[in-house]
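Subject: Structure handover

Hello,

Here is the structure we spoke about. Please open it beside this email and read along.

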Amino acid sequence: MVFGYYATYISKAFFPTGSEFASLLLTLMTFGAGFLMRPVGALVLGAYVDRHGRRKGLLLVLGLMAMGTLAIAITPTYEQIGLAAPLIILAGRLIQGLSAGVEVGGVSVYLNEIAPPHRRGFFTSWQSASQQAAVVFAALIGLLVSTSLDAETMQAWGWRVPFIIGCVMIPFLFIIRSHVEETDAFLNRKEHPRVSQIMRIIGANWGLVLQGALMAVMTTVFFYMITAYTPTFGGKVLNLGAGESLFVTACVGVANFVLLPVMGALSDRIGRRPLLVTASVLGALFAYPLMNWLVAAPTFGKLLTVELLLAAIYATYNGAFIVYLTEAIPPHVRTVGFSLAYSMATAIFGGFTPAISTALIGATGDKAIPGAWCAAAALLSLLALLVGDRLNRRSTSLA
């Protein structure tokens, strides 16, 4: 989150090109490059978690995330060490991506397996809700730092403060994760498949993984649009104050923190599919018109309104989707299957949303075009849900 919030400062520190647009685009591409490592992390680390346990996996991915975050926090600038600086930043993002490739899946599977059967939606939704706590925390730190320091100080070292705070938190997270218990679902399995067996099972269920990946496109695109891209969009595209954009991002995080468990619990009562269909239809129909209304006459109030409406659509979809995917994947390959589906969507679509949005605006001159990107993602996920359900019913009837 912090990398996305401070893309403008990072671009000047590590990617000076003489063109502000080119530097920002390189930074956002580096942000997106971390997501290319997620499918690798999903396969390698996901297989480790499915074979050796949820608890050990959660500790391993946290260690990798610590390495990547620390690298970004302390690397000298391009001016100080030259080309090595952007290369280290890229390496830090790749390590973060490797870890994150199984983080969402690992935690979601853990929550699903410790939940009572009738409350899996509510329990599992807290994985996404925890991400919103990170959004709020990072935005508030950013708001505090940016309002306390002048622009020169922010560029010199102020943008590093949130990264350093993140590094300081890591030992406490290690303590928490070291005390979690292994799930009964994992302990009760008589056999834990080897990596080669896991890969064969995933290959045999490639259609399910592909459907999950396409269904995840909406949730990843909307998430990075309303969180990581908001400060850049509000400041560089709408010419609003940095503080205003960060405040809006914090409000989005608070709204999602409340809405995600509510929608997860609602999916326990009425089912996953009604929420998935409703949210994807709303996203496809209203994302671009909302953005058009915003860019016509940008104000803080309109940005807040649009972001909160998009957040409500996201929370409705994600609250049902995460548990839907954990339930669809076979238990003995649940972590690697979930992580692979989710990370492919993030790598190809969600993680590059800031860069794609910036490039689309530059190519078309349409400041509302990020809304069209969101609408296309919603439509793709809706089609994946409908086609996948139809194929599943057909295979069931043939069986």
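Below are notes on helix packing, a salt bridge and a surface patch.

This is a predicted model, in which local features need pLDDT of at least 70, side-chain atom pairs count only at pLDDT 80 or more, and totals for chains, interfaces and linings use all residues. Residues are numbered from 1 along each chain as its sequence is written, and side-chain values use heavy atoms, with hydrogens and water left out.

Helices here are DSSP runs of H or I with at least four residues, numbered from the N terminus. Their axes are lines fitted to C-alpha atoms over the stretch in contact, and angles between N-to-C directions run from 0 to 180 degrees. Angles under 35 degrees count as roughly parallel, over 145 as roughly antiparallel, 65 to 115 as roughly perpendicular, and the rest as oblique.

Start with α18 (residues 334-350) and α17 (residues 300-328), whose axes come within 9 Å and cross at roughly 135°. That makes α17 oblique to α18. In this contact (heavy atoms within 4.5 Å), Asn 318, Phe 321, Ile 322, Leu 325 and Thr 326 of α17 meet Arg 334, Phe 338, Ala 341 and Tyr 342 of α18.

Helix α4 (residues 38-52) also packs on α18, with axes within 8 Å and a crossing of roughly 170°. The two are therefore roughly antiparallel. Among the residues in contact are Pro 39, Ala 42 and Leu 43 of α4, and Val 336, Leu 340 and Met 344 of α18.

Helix α17 has a further partner in α7 (residues 84-114), at an angle of about 80° with the axes 10 Å apart. That makes α7 roughly perpendicular to α17. Ser 108, Val 109 and Asn 112 of α7 touch Ile 322, Val 323, Thr 326 and Glu 327 of α17.

There are 5 salt bridges in the structure, each being a side-chain nitrogen of Lys or Arg within 4 Å of a carboxyl oxygen of Asp or Glu. In one of them, Lys 236 pairs with Glu 20, and the closest N and O atoms are 2.3 Å apart. Lys 236 lies in α14 (residues 230-237) and Glu 20 in α3 (residues 20-36), so the pair ties together parts 216 residues apart in sequence.

Last, the surface. Trp 126, Val 254, Phe 257, Val 258 and Val 262 make a nonpolar patch of about 420 Å². Patch residues have over 30% relative accessible area and no salt bridge, and nonpolar side chains are joined within 5 Å; areas come from the Shrake-Rupley method with a 1.4 Å probe. Helix α15 (residues 242-270) gives the most to this patch, with 4 residues, while Trp 126 is found in α8 (residues 120-148).

Regards

Terms used
Patches are made of residues with over 30% relative accessible area and no salt bridge: like charges are joined within 9 Å, nonpolar side chains (Val, Leu, Ile, Met, Phe, Trp, Tyr) within 5 Å.
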